[in-house]
There are 2 protein chains.
Amino acid sequence: MRDFSDTLKPSSDGTAILEAERARSNILVDELSKHLLSRNDFLERQKRITAILEKEPLFRKGQQLNLSRPERYHLGLARAKAQRRLGREHGWDEEDYKMAEYLTDEMSPFHLHYTMFANTIKEQASDDQKKTWMPLIDSWKILGAYAQTELGHGSNVRGLECEARWDPKAKEFIIHSPYLTASKWWNGTMGRTATHAIVVAQLLIPKDNSPTATEFVHHGNVSFVVQIRDEKTHQPLPGIIIGDIGPKYGYTSMDNGYMLFDHFRVPHDAMLSRYVKVNPNTGEFTRKGHPATLYGSLTFVRANIVQHSRLVLARAVTIAVRYTSIRRQFSDRDAATKNASELPVLDYPTVQIRILPLLATTFALHYTGEAMYNLYYRSRAAIEKGDFSSIAELHSTSSGLKSLCTTYAANGIETCRRAMGGHGFGGGSGLIGINNDYLSKPTVEGDNWMITQQVASYLIKKMEAAVNTPSAPATDKTDELFKMYLSTRDNRTPVCVLSQGSISNEAIMEAFRWRAAVLSYQAYQDRVVKKRKWNSLLIKLHKLSNVYSQKLLVENFYDALQSSPLSDTNAAVMNDLYRLYALHTMDEDPLSFITTGAVTSSSIEELEDAVLLLMTEKIRPHAVKLVDAWAMPDYLLDSALGRSDGKVYEDLWDRAHRQNPLNKVTFNVDWESDEIVKGSGDGGRHILAKL
Amino acid sequence: MRDFSDTLKPSSDGTAILEAERARSNILVDELSKHLLSRNDFLERQKRITAILEKEPLFRKGQQLNLSRPERYHLGLARAKAQRRLGREHGWDEEDYKMAEYLTDEMSPFHLHYTMFANTIKEQASDDQKKTWMPLIDSWKILGAYAQTELGHGSNVRGLECEARWDPKAKEFIIHSPYLTASKWWNGTMGRTATHAIVVAQLLIPKDNSPTATEFVHHGNVSFVVQIRDEKTHQPLPGIIIGDIGPKYGYTSMDNGYMLFDHFRVPHDAMLSRYVKVNPNTGEFTRKGHPATLYGSLTFVRANIVQHSRLVLARAVTIAVRYTSIRRQFSDRDAATKNASELPVLDYPTVQIRILPLLATTFALHYTGEAMYNLYYRSRAAIEKGDFSSIAELHSTSSGLKSLCTTYAANGIETCRRAMGGHGFGGGSGLIGINNDYLSKPTVEGDNWMITQQVASYLIKKMEAAVNTPSAPATDKTDELFKMYLSTRDNRTPVCVLSQGSISNEAIMEAFRWRAAVLSYQAYQDRVVKKRKWNSLLIKLHKLSNVYSQKLLVENFYDALQSSPLSDTNAAVMNDLYRLYALHTMDEDPLSFITTGAVTSSSIEELEDAVLLLMTEKIRPHAVKLVDAWAMPDYLLDSALGRSDGKVYEDLWDRAHRQNPLNKVTFNVDWESDEIVKGSGDGGRHILAKL
């Protein structure tokens, strides 16, 4: 379709604007990209898989937002299957598959099969069970889901209602849902896809193993591997009701499911029995192994979420920085000439203050993601050797960071979106999908408010230990901090972070450390000394967790600066990004730095101006190149506003005028007629019939 | 379809729980509802229209989230037309139609016709033009849109690129889009629906009215009424390209459009000429009337948005309060017995701190909405009498409040959603539609960050006037405050808001007033005395606007308490809600109250505990009845979590198991096959072909 719009151009040239932005910064983009994205050959892999997906018609993203939610599952399944076939063709390894799912940018209906289903079998199945199941899993002959969460219970796993009663006579377990709230719920891959599932249920064994007993002994939750659908018909087996729970904010391609059991029998060897066993003859229940091994996979998932958050936020920031560099609106009120040209909106401090601290946060998230990764693998290696001493720190750190980092990223997407004004609300923003999907992250794998209790518990215990053994040598960094705090708090003078514009990186870090120590001590006082009710302290404990996690981000960033492998140019900008992240974070809750005696009042008074100066002088000139360093493929971004070539308006026009199927339909707008579509077969009535 | 799930119940009875919540509060719900919702017979009208819509199959909401975006426009148009027919049948007045659109809870594709299109004709057309157009508008024989915003320009209306050149020979205007960015964009009702549009374009008149002139005189933007589609075929007229811009975050039912003109000719009388005229013979351009009249409708729209924000936030809070009262999770760590029952999640302070201050905010928004309404009609009456003195205040107040109140409501929806954990992410939350739609509000009708400049400008001018005429009698409340500030600031002692748990309502209000005055003075100093660049002050000016608007909310709430018509019980709770809103607001930015000398440090130290006590002791027991008072019909809420009868789990089950069309399809999950749907005609391939 050709028309007069073909001859029109935007009044300003986005490509030239971005090129000019890039030309005026001396950042070495390639060096920085490699610095950020070399682990597991990320950059090379991203490039290679992107090239493959871009060629596949099934992986085109242009029409996704025009599909209904049921259609999105169809598409998701087709893509999940096609990814397996592409992998076979191109010889993909496991990381390649993950990259393909990341670039496709939707949760695969196969996702739970190769994550929680496979991992649970690997971790909790006996050797015999593994021999049975792993070949079926690895060949994708069966497809598994993980059925733990229920309609009535999520976070409190002990409250699950689904039961598994041992039948001593038949030597089988009877899985049953006594209430509607016992229905499994939210379990991904289960709604329409899976043939099998891990089912977590409360184990009940009849008293004295008697077939006629009416009393049962409760042994808590155990896991079963259960076939849930017929291998030929793909229909649920008798005694099971399964389905997809329906539309959600995001995860349109994923079939989050529900499942009810009506006295459904599974054999004795369905119970995963590496750590727990029921003696089939006596009904005796035994448990072995360190309890910590059971939440290893949760910690792993949280650590992964922490690591991933930088990419999510970087994506939103990439789009926002590019678009707001190109978009012009209003000229400077104080301009010398009357007809001064319009300014890029990123030149306005009110736009900078929303986007540039988030840009700095992407780098803070990067270094903390690295630290989290290292802590995880260090702990895991120790655990393999039977040393469980690092588990508490690992668990606390991954919980606190999961909460803080996903909050940063989830809120950051929306902040970037709003900073882009009207077009930020449109489909061309490229943020609709990621926003809707990522809104799950503050809730899943431990609600962001709930799990901060675990961090606070840990810190209170650490402080109690430090108080009780003030002169023992420090056992770790936290103990060292707390002991330093205890021994110096009477003579402490607040540090000067800022003085007449000069900034001390080390003082910044000291301030975050001190604040965390003071609040840890207050929590210890409240709970241990004053014996205040736990629930009455919850809000404070949540703040403590965030304060402690912010300290980690600042420390990890600071440490990275000390041993930076970057060229001077890049290292200098990284230094400014550290300052911007830290000072802006300080400025978000300045009173806490004063009341804890962490920082001088005069430093706090200078914060606002220091942040402004960092943004306008130090970061703004490099903003476009800094987001370039995150090396987000245009295919991933799928954003008119965030295109690397700056063709914002051309792309918006193309999406609207060339790609919108609604524009192919002519409507009957006469209100007295109940025909909707003009001159088509049924006048559009089949659509209305779907209600 | 009957199955064993029919016999199952939830393990706890949501209906009984809500009844118990209601029984333990002595709030008089009916009295409070009438207090909040009597204007324009809101309650009666809501009940009456709800009863009508609930009976109409076309207005069922159950399947909306399963429709594609193009289908949602079909449905939206069908409903818009049906509403007209229902209105004819039931004799609806204008308020009834608005109520029907509000309850249907989607933006009608007819919306712009009866708002901006009709209003612009009423306000800017000459009497002759009105005679031509109003009968066509009132009979809905034509359908109008309002085409101002363009692809390249929104906020800066002066930057619009669409041109209207006067042709002295033909005595016509030639409307033309010289660039792609000149395309009209975002204009509601225009994409597929409208037959006509108001087109805002830059008026260019040839020098000396010469047909051969190559120089043109620019006269700024004027408005034209233009037929854009053929009355029979509904196709765009030659020289116009129109369409729908495609998917967006929200407004799925609305056809936001784009429109380009290729030297499109309109007659002389297409230009709306109540205030502006082009002499058809001489080409002379004349303008009359007070410029303020031109942004009257913008102020009206903002005032409406401010008033409406309470209902949006109340809706999210209603759902959150009811669901978190019913949902149980974990027992009290400090409970005396080991097997204590699980607590309603609303009993946890970490849930309260997210929801209950927002509950208080709904009432704060109510009283300020009322004040905004009164200010608007008072100013309007004055303007009608030729008194323009209140325009600056009206403009500033409506801008500042639009920014603050829509930020409260937009953020509040998401805060409520996250506080509801996993089910908050599901379609049963009832928040998906309102969230997606409302996210537009921080941007439209003046971006929330941009328009705060207007408030700051106003306050700086007012402060300058107060400084220059310190002894003149106060002209209004702001002038009075500023003069009080100027005369007492040397002897000011901070007020004590909180002392050992006792709270002073008046001191709270004084604190908010003082803080606003200090920051206004600082802004005046920065800009007028120190002559600092406007753009360098933008962040501070944004904060000033919010501080000033928060002062308005506190003042209006305080004033309402002084003359409350409520019974003692209700008045007492309202008193606590005032305190919760104000003290929580203070606790969100405590340092500003200290550094401005507004409040004693000891008051600030007590804030956290005071807020906690208000929530747990004063508001929590009444929470369910307080949201009941907002009288949200279940039909409007369309929420399993927020149902007034508490049947949360039954409804979630029903939506998933009985209503999800995806569960009627059986899939082929074998990855080696490219069939998607098992045993259906084309295996689901027609869906994949839509890509």
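Predicted model: local features only at pLDDT ≥ 70, side-chain atom pairs only at ≥ 80, totals over all residues.
Residues are numbered from 1 along each chain as its sequence is written, and chains are lettered from A in the order in which they are written. Local features need pLDDT of at least 70, side-chain atom pairs count only at pLDDT 80 or more, and totals for chains, interfaces and linings use all residues, while side-chain values use heavy atoms, without hydrogens and water.

**The interface**

Contact means heavy atoms within 4.5 Å. By that rule, 158 residues of chain A and 159 residues of chain B take part. The area buried between the chains is about 13800 Å². Buried area is the accessible area (1.4 Å probe) that two parts lose on being put together, summed over both. Carbon and sulfur atoms give 64% of the area buried between chain A and chain B. In chain A, the residues that lose the most area to chain B are A:Y249, A:W671 and A:L691, together 7% of what that side buries.

Eight salt bridges are counted between the chains. A salt bridge is a side-chain nitrogen of Lys or Arg within 4 Å of a carboxyl oxygen of Asp or Glu. One of them joins B:D334 to A:R527, with the closest N and O atoms 2.8 Å apart.

**A sheet in chain B**

Strands are DSSP runs (E, at least two residues) and helices are too (H or I, at least four), numbered from the N terminus. Two strands pair if DSSP finds at least two bridges between them. In chain B, three strands form an open sheet in the order 4-8-7, with antiparallel pairing. Strand 4 (184-187) and strand 7 (240-244) are its edges, each pairing on one side only.

Three bridges join strand 4 to strand 8 (residues 257-261) of chain B. B:W185 has B:Y258 in strand 8 as its bridge partner. Helix 21 (residues 648-658) of chain A lies across strand 4, strand 7 and strand 8 of chain B.

**Cysteines and an asparagine**

No disulfides (cysteine sulfur atoms within 2.5 Å) are found over all chains. For B:C405, the nearest cysteine sulfur is that of B:C416, 16 Å away.

Buried means under 20% relative accessible area, exposed over 50%, partly exposed in between (1.4 Å probe, protein chains only).

| Residue | Relative accessible area | State |
|---|---|---|
| B:C405 | 1% | buried |
| B:C496 | 39% | partly exposed |
| B:N570 | 1% | buried |

B:N570 sits in helix 17 (residues 568-588) of chain B. Leaving aside neighbours within four places in sequence, B:N570 is in contact with B:I27, B:L28, B:E31 and B:L32.

Terms used:
Axes fitted to C-alpha atoms, helices over the stretch in contact; angles between N-to-C directions.
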